[in-house]
Each structure stands twice: as C-alpha cells, then as structure tokens.
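Could you look through the structure below with me before we go further? My comments are set out as numbered points.

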Amino acid sequence: MRKRVGIIGAGPAGLLLSYLLSLEGIDSLVLESRSRAEVESTIRAGVLEQGTVDLLKKIGLGERMEREGAVHQGIELRFDGSGHRINFHELANGRGITLYAQHEVLKDLIAARLKQEEQPILFNVENVQIAEITSDQPHIHFQHEHEQKELECDFVAGCDGFHGVSRAVIPEQGHHIFSRSYPFGWLGILIQAPPSSKELIYSYHERGFALISTRSPTLQRMYIQCDPLDDIANWSDELILEELQARLESKDQWQLQVGPITQKGIVAMRSFVIEPMQHGRLFLAGDAAHIVPPTGAKGMNLAIADVRHLARAFARFYQQQQTDLLETYSTTCLRRVWRAEHFSWWMTSMLHRFPDDDAFQQRLQRAQLEYTVSSRAASTSLAENYVGLPFTW
Ligand code: FAD
Ligand code: DHB
C-alpha cells in the first residue's frame, strides 16, 4: 500500500488533516486503533473557537454545526455568589464561540471523508509501528483484520493523541519536554435537563471549581474539580448534584436544573509540550505534541490549528516543491501552543483550589478574579484568548 501521507489517529487532528489534504489533491490514509462507533461516541470537548468554526464552514463542514450548535457571545465568571459576564461580542470584535460536541465534529468529518473516496480511514487497526522515519520513504507497519500490512509514504502525521505511539519514536536527544501536572482533575457529567444558564459559568468556590456547559436544549455538560485519583464509583449522582449546587451558589435567583445523569467520568489534568514537533519525516499534531488543562477549552482548537498549518505545508511541498513551510511547521505551531499553554494554566490557576494553598494564595486568586471582571483591559485579554487568536498566531 502506498499513500503520500500516512496519518495515525482519527481524532480531530487526523481526520481534519486527511480532509484538508484531499481538498488539495494529496492522498492519505488514516489508521485508527478504535472502532468507528467508539470514535463517534467518546464524550470530550465542546467549545469551538471562532477560527475553528470559520474554517469548518469554509471547507463545507459547517452545515450541521450551524443548525445544531449554539453560538455564545460571552461567559460568566462566578465568585462570592455573584456572576460577572465577560462580553465576547463587545470585547473581541464580534467574535464568539460555538458549543458543538467534539464527537459531532468527528461524525461530520468521517461522513465527509467517506463521501470523497473509498476506505480513506481504517478503524480497528492494531500494533501500529513507524519505521525509517529519518529516511525519505518511511513505512507504517500495522495489523488490520488479522493481516499484517505495510503502508509506504512520504510523510507520517502523528495525530494519535497523548497516549499514542508516534511521539515515542522521537529520540530524547535534540528534543525537549515541558510538563506540569496539577493536583486535581475534573469530574464531568452529561445530564438530561434544560440549560441552567444561557452561557457557560466558570465558578470559583472554596469547595473547588465548578463549570456549567451545554450540549443541547435537553442535554447539559457540567464539571467539578476533584481528586484526580478518585474513583468515580465514590460519586453518587446525588453527591455530584449536591456539590454542583454548593459550588455554584448565587445571591441571585439562580437555579441548577437537574435530571438524570447519563454519563460520568474523571479526567486528570496536565500541561505538556514537546519541542520541536517534528522528527525526520514525522510531524506531530494535536494532543500527540501538546496537552493543556481543559480550563479555557483550548485542546481541540489547537489540534485544528496545527493541522491547518500542516496541510498547507504539505500542499506547498507537493504543488510548488518547496519545503519552507514544513521546515517552519514546528516553530509556527509552537507560538500558538505556548500562548494557549499560558492561557489554560492561567485560567486553571485562577479558578481552582490547590490543596496546599494558604490564605495569601486565595487572596491573590480573588484579586485576580476581581481585576479580570472589572478592568476592560483584563476582560478583553480573557475574551480574545477565549474566542481564539487569529491563525497568524
Ligand atoms: P485525540 O482526540 O486524542 O485523537 C487521537 C486518536 O488517535 C484517537 O482516536 C485514538 O484512538 C487514536 N490512537 C491512539 N493511539 C493510536 C495508535 N497507536 N494507533 C492508531 N490510533 C491511535 N478541547 C477544546 O478545544 N475545547 C473543549 O471544550 C475541551 N474540553 C475537554 C474536556 C475534557 C473532559 C477533555 C478530556 C478534553 C477536552 N478538550 C477540549 C481537549 C480535546 O478533547 C483534545 O485536545 C482533542 O481531542 C485532541 O485531538 P487529537 O486529534 O490531537 O487527539
Ligand atoms: C467544556 C469543556 C471545557 O474544557 C471548557 O473549558 C468549557 C466547556 C465542554 O465540554 O463543554
């Protein structure tokens, strides 16, 4: 088997890359270890930056997102029982965010890709191994339907997420890893209930952080800060709702809308970057190269920004025989990646309770929150980062 680009992983990065490449007439094959059903049902992100939305619309993938997604023009920061709106529309030049689940984006991408050609994605592949990545003819060995297969290609795109195999082939020498883990995780739920708020609420509370988000008029997404090593079995539905209620307490007439909890799980949080995001003919994109804590909703958006650059770099290589954009791929992406690393760390640090925080640290968090909601300069900074900086970053 031979394709110009071998793509490992059918997440937002891998699928969008294969779609963008096909629009440029560049053939590729996506190798995914999970089944299509699993990929299309894993609950993860939900916030799309303005640039992500504009890109999906431009390439003809916006139809269902525009119909079923919800555009939000602001968020609320809540502390000491009071809500403070950050008005994106006003502060970020009319830009906003769209609430549309990651797995819905993936369904749209898979359907669009399958319309373009036969078998552009192989699901349920096993034992993916990258070989000869520093030569100009790398290979990917893998098993599919109990047969050993080999894909020859010009380039490999490692889009296989944080726990994938791509990053592991990169030697330590010549690469740097930057990493930070946080002493808390997020317990996330899906709940069948009407929205509790028109916009997302990020709440700072002495019991810990809480977040109200949404998926549809009848399905809501909510998160609470928890011990990252906690067992979800320790959290009954009643306990989760009690905790949400307490952490979102409000002096106004606000009510948490409740109903059956249909899904729950705990995720750990970390910041991670590998530099450079390339080794020989292997180019990493998305979570394979960098992770942010979820506060600020940057992960999927960064993955999309990476592959936008990568698709352009491959197009320039094949159409104009120029390697310049491939050579600058990592530096170009890392500028945006570090901006998002800082923003996500900053939002996380401002809004969570750290186990060893003293009263001084808590006063600093309050001072930061008060400044963020009352200074136009500070709220503008939050707004422009949240809706997403232009792709020139
Ligand atoms: P992934 O989505 O991880 O995809 C990688 C794919 O590669 C997977 O399908 C995997 O099965 C496959 N794979 C792995 N190993 C192999 C292998 N060896 N061989 C073949 N295939 C392999 N981001 C946002 O932008 N906004 C949000 O609101 C947001 N909220 C989040 C909330 C939570 C609770 C979590 C956990 C994450 C959130 N994120 C958010 C982050 C976002 O989900 C990720 O950044 C995004 O999925 C990264 O996309 P990716 O394509 O790089 O990797
Ligand atoms: C969602 C996830 C986030 O990480 C965030 O900051 C806001 C919303 C969500 O899943 O809806």
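This is a predicted model: local features need pLDDT of at least 70, side-chain atom pairs count only at pLDDT 80 or more; totals for chains, interfaces and linings use all residues.

1. Along the principal axes, the C-alpha atoms occupy a box of roughly 65 × 40 × 40 Å.

2. Of the 393 residues, 55% count as buried. Among contacts between residues at least 6 apart in sequence, 73% join residues at least 24 apart. The chain exposes about 17,400 Å², of which carbon and sulfur atoms supply 48%.

3. There are 39 positive and 49 negative side chains, and the centres of these two sets lie 5 Å apart.

4. The count of aromatic pairs comes to 18. In one of them, the rings of Phe162 and Phe272 have centres 5.1 Å apart and planes at 80°, so the pair is edge-to-face. Phe162 lies in the loop between β12 and β13 whereas Phe272 lies in strand β17, so the pair ties together parts that are 110 residues apart in sequence. Phe162 counts as buried at 16% relative accessibility, and Phe272 is buried at 7%.

5. Trp186 and Tyr223 form a tilted pair, 4.7 Å centre to centre with 40° between the planes. Because Trp186 lies in strand β13 and Tyr223 in strand β16, this pair ties together parts that are 37 residues apart in sequence. Trp186 is buried at 3% relative accessibility, and Tyr223 is buried at 12%. Both residues belong to one aromatic cluster, whose members include Phe88, Tyr202 and Trp346.

Conventions. Residues are numbered from 1 along each chain as its sequence is written. Chains are lettered from A and ligands numbered from 1 in the order in which they are written. Side-chain values use heavy atoms; hydrogens and water are left out. Buried means under 20% relative accessible area, exposed over 50%, partly exposed in between (1.4 Å probe, protein chains only). Contact means heavy atoms within 4.5 Å. Accessible areas come from the Shrake-Rupley method with a 1.4 Å probe; for residues, only the protein chains shown count as cover. Lys and Arg count as positive and Asp and Glu as negative; His and the chain ends are not counted. The place of a charge is taken as NZ of Lys, CZ of Arg, CG of Asp or CD of Glu. Rings of Phe, Tyr and Trp (its six-membered ring) pair if their centres lie within 6.5 Å; planes under 30 degrees apart count as stacked, over 60 as edge-to-face and the rest as tilted. Helices (H or I, at least four residues) and strands (E, at least two) are DSSP runs, numbered from the N terminus.
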